[in-house]
Amino acid sequence: MRTFGNTFGQSSEGQPAMGFYGAVATEHYLSAQAAMDILKAGGNAFDAAAAATFVEGLVNPHMFTLGGECPMVLYVADEDTVVAVNGNTEAPASASLENYRSRGMDLIPPQGMPAAGVPAAVASLLDMVHRYGRLPLQDVLGPVKTLCSRGFPVHEGLIKMPRFGIEDNAALFQKEWRASAQLYLDPDGKTPSPGSRLVNASYGRVVDFLLEEARRYGHDRAAGIRAARKAFYEGDIAEELEHFVRERDGFLTRSDLASYETLFEKPVSVPFRNTQVYKCGPWSQGPVFLQMLRLLKGFDLESLGWHSASYLHTWVEAAKLAFADREQYYGDPRFVDVPLEALLSASYAQVRRTLIDPDRASTAHRPGDPRRGKPLLPAEAVFRWDRWGYGTVHVAVADSFGNMAALTPSGGWISGNEVVPSLGFPLGTRLQTFYLDPAHPNALRPRKRPRTTLTPSLAFRDGRLWMAFGTMGGDQQDQWTLQFFLNRAVFGMSVQEAIEAPKICSDHFPGTFYPHDAFPARLRVESRISEDTRRSLEALGHRVVVEGPWSLGFICAVSRERDGLWVSGADPRGHRAAVFPSCALAW
């Protein structure tokens, strides 16, 4: 026999993983294996997602570490309910507008301690497994404990990713952040090569400390998890963080850490055809996905034609309207009156939809007036930023108990702050997403949580649990995941086909991250979008920028299909773009 396989071209780069007992999709093969090991040991989706996320914070530190945050959307089978978890950071009590302005700032910088808030990821993960998990903390943290002590191979993305990776930050590490240099550079100061063993002993000591506290309570799983959380936020770790921040002129204190609370909330949701999509509240950008669904519901998307110029034009014009509302209204609802019910109403979408011109791309910033049901807000009421003119991972898990978890951990990037030597991770810089203008809904206030781009998704179809999905990508997250979702819900693609299909994204609206730039009508498209379509988009007035063929979208998803089959998919863009080695597993 001289030939093997078939002679047909493969329809997708990767193959989905399929199984009847559980499914996992993450941004690194080691975190995916950790989650799968937990499922096979009898843990549920929440145990597995936590285990994977702690590993992600070790092996993808250019995208996420324990200094970051972790919003979630969960389906809890025992309660037959969907829960949104606000695991977002929080501004310190002393982080006032006056204190920043006294330092001569009109923006919060993207690096350094002034941008550091409470590291919320550990609290949200431990609080999740305390409420919904099954296994003791020793099992959940077992995989990351092993990788900390024995080391893991450095992958290309951790080294090469522009701005975030080790190579682009090596000079900064050597000159200013010696603890980061000692952890991430070779002894001779050079950048490590792919496959080099990296041992993060300090992270390992943090894990050991948490486990020691948990073991004090023997077989009382819940008490042990509570003790570990208290040890992190009120004990020696909190004291070490406060000392480190104080030496670098930041605002975070031990009191800020001790007072932090993970918020378990009702998610926001809208129907779309035979599906129901659930997102986090307006403290995230999640509702923008739902606003776009409302707008697009009024178009015959199939007749427009998948990836035709008319379809992509309609999609991006809807995105501009939804993101304009995000900029005008979204913020921490404990501090800001967000008219969310009106923003998500069918009637408001109907009046806003009239602004979409099928023959011309808008170059304007056009928030609506949901309180009065008007398509446009009066010009004098529009918040305008003078500049009109980051990195994340995702973990999706499903289990044989019927649970599903979508987590989007991010922050604590090694490019944002120096590693705390005794802890093995840096603090985050998400306070940079605040504005120092009190007129903005996302203006800084003490103990306020910044509006975040982190936006996990969960969907039902025909009344049954269907998918958990998400991506990295800052302002692009809900743009990329909506295209994935429509590929499935409207055009009937499989998980892997929908992930790998060419993507686009708009830079039309003000960016969430420093310096909040906007680029009116700029539309980035992967080069796999046909040249004829690109020319047609330009003729409509879009300022088209052609990107690499596999550069927009890094989606992970798990999906329940027929007869109890679980399918998971991971985006090959992670490998191709040298960002991270994403992985999908099932059994």
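A: Let's start with threonine 533. If you skip its neighbours within four places in sequence, this threonine is in contact with His307, Ser308, Ala309 and Leu312. Keep in mind that you're looking at a predicted model. Threonine 533 itself sits in helix α21, which covers residues 531–539. Is threonine 533 buried or exposed? It counts as buried, because its relative accessibility is 11% and the cut-off for buried is under 20%.

Now for a whole helix: take α10, residues 201–215. Its 15 residues reach 21 Å from the first C-alpha to the last, close to the 21 Å expected at 1.5 Å a residue. Several residues of α10 are buried, including Tyr203, Val206, Val207, Leu210 and Leu211. Gly204 and Glu213 are also among the buried residues of α10. What do they pack against? The buried residues of α10 pack against α2 (45–59), α5 (137–140), α6 (142–150), α11 (221–234) and α12 (236–247).

The largest nonpolar core has 162 residues, and the ones touching the most other members are Met128, Leu407, Phe485 and Leu486. Let's zoom in on phenylalanine 485: not counting residues up to four places away in sequence, it touches Phe272, Thr275, Val277, Phe289, Leu293, Ala459, Trp466, Met467, Phe469 and Val490. Apart from that core lies another one, of 20 residues, with Val73, Ala84, Met404 and Val558 among them.

Two loop residues deserve a peek too. Alanine 521 isn't a glycine, yet it has a positive phi of about 70°. You'll find alanine 521 in the loop between β14 (504–506) and β15 (522–526), and it counts as buried because its relative accessibility is 1%. Aspartate 563 has a positive phi as well, near 55°, and isn't a glycine either. This aspartate is in the loop between β17 (556–560) and β18 (566–570), but here the residue is exposed, with a relative accessible area of 69%.

Residues 1–10 are another story: their pLDDT is below 50, and beyond near neighbours in sequence the stretch has one contact in the model.

Terms used: Residues are numbered from 1 along each chain as its sequence is written. This is a predicted model: local features need pLDDT of at least 70, side-chain atom pairs count only at pLDDT 80 or more; totals for chains, interfaces and linings use all residues. Side-chain values use heavy atoms; hydrogens and water are left out. Helices (H or I, at least four residues) and strands (E, at least two) are DSSP runs, numbered from the N terminus. Buried means under 20% relative accessible area, exposed over 50%, partly exposed in between (1.4 Å probe, protein chains only). Contact means heavy atoms within 4.5 Å. The expected span of a helix is 1.5 Å times one less than its number of residues. A nonpolar core is a set of buried Ala, Val, Leu, Ile, Met, Phe, Trp, Tyr and Cys residues joined through side-chain atoms within 4.5 Å. pLDDT is the predictor's confidence in each residue, from 0 to 100.
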